[in-house]
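Student: I am new to this structure. Please take me through one part of it closely, step by step.

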Amino acid sequence: MTTPAASAAFGHPSDQSACSLGSGPVFISGALLCAPRAGAEVWWDGRVSDPAWRYLMGRLDGSAHDFACYREGAPHSGGNNIWYYTWSNEVHATYGLGYVKSTDVYAGIHPYPGLRRC
């Protein structure tokens with residue numbers, strides 16, 4: 001299955017050069033280091049169209065962040081179905097680990113080249 005690349009949507013920055021693969025404060029080597037949208041919601045699973053998986057884990061504060069991997073999930077407003085696994089700055093439940101939709105990660109292209117699948 002081919003996943004369409006997302007472009008800058010809704011006026012978000014799209015400078016992929018501001019993102020890189022490396023080691024972040026939470027996840028080890030191979031994580032995507034990138035800025036997210038402040039206030040972005042982190043969900044327990046990227047299948048948020050299914051009410052059984054709709055559980056808000058927390059929110060991101062917009063500071064540089066690390067994303068461990070990506071998965072395909074529910075289509076979202078960004079025009080694709082890519083979700084990134086990360087940790088929340090503002091924790092609502094169980095360590096705040098979960099998935100954020102790709103358009104809330106300012107990577108420029110989704111999935112980010114070289115980032116592993118979850």
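Student: Let us look at cysteine 34. Is cysteine 34 buried or exposed, and what does a disulfide join it to?

Tutor: Cysteine 34 counts as buried, because its relative accessibility is 3% and the cut-off for buried is under 20%. Keep in mind that this is a predicted model.

Now the bond. A disulfide joins cysteine 34 to cysteine 19, with 1.8 Å from S to S. The two cysteines are 15 residues apart, and the pair links distant parts of the chain. Cysteine 19 sits in the segment before strand 1, while cysteine 34 belongs to strand 2.

Next, the surroundings of cysteine 34. Strand 2 covers residues 31-34. It is part of an open sheet of three strands, in the order 1-2-5. The pairing is antiparallel. Strand 1 (20-22) and strand 5 (65-67) are the edge strands, and each of them pairs on one side only. From one strand to the next, the twist averages 40°.

How many bridges join strand 2 to strand 5? Three do, and the two strands run antiparallel. For a landmark, find leucine 33 in the model. Opposite leucine 33 stands aspartate 66, in strand 5.

The structure holds two disulfides. The other link is formed by cysteine 69 and cysteine 118, with their sulfur atoms 1.9 Å apart. This link is right-handed, with 100° about the S-S bond. Which parts does it tie together? Cysteine 69 lies in strand 6 (residues 69-72), and cysteine 118 lies in the segment after strand 9 (97-101), so the pair ties together parts that are 49 residues apart in sequence.

Check the burial here as well. Cysteine 69 is buried, with a relative accessible area of 10%.

One last step puts the links in order. Count the bonded cysteines along the chain, and the disulfides follow the pattern 1-2, 3-4.

Conventions: Residues are numbered from 1 along each chain as its sequence is written. This is a predicted model: local features need pLDDT of at least 70, side-chain atom pairs count only at pLDDT 80 or more; totals for chains, interfaces and linings use all residues. Side-chain values use heavy atoms; hydrogens and water are left out. Two strands pair if DSSP finds at least two bridges between them. Helices (H or I, at least four residues) and strands (E, at least two) are DSSP runs, numbered from the N terminus. Axes are lines fitted to C-alpha atoms, for helices over the stretch in contact, and angles run from 0 to 180 degrees between N-to-C directions. A disulfide is a pair of cysteine sulfur atoms within 2.5 Å. Buried means under 20% relative accessible area, exposed over 50%, partly exposed in between (1.4 Å probe, protein chains only).
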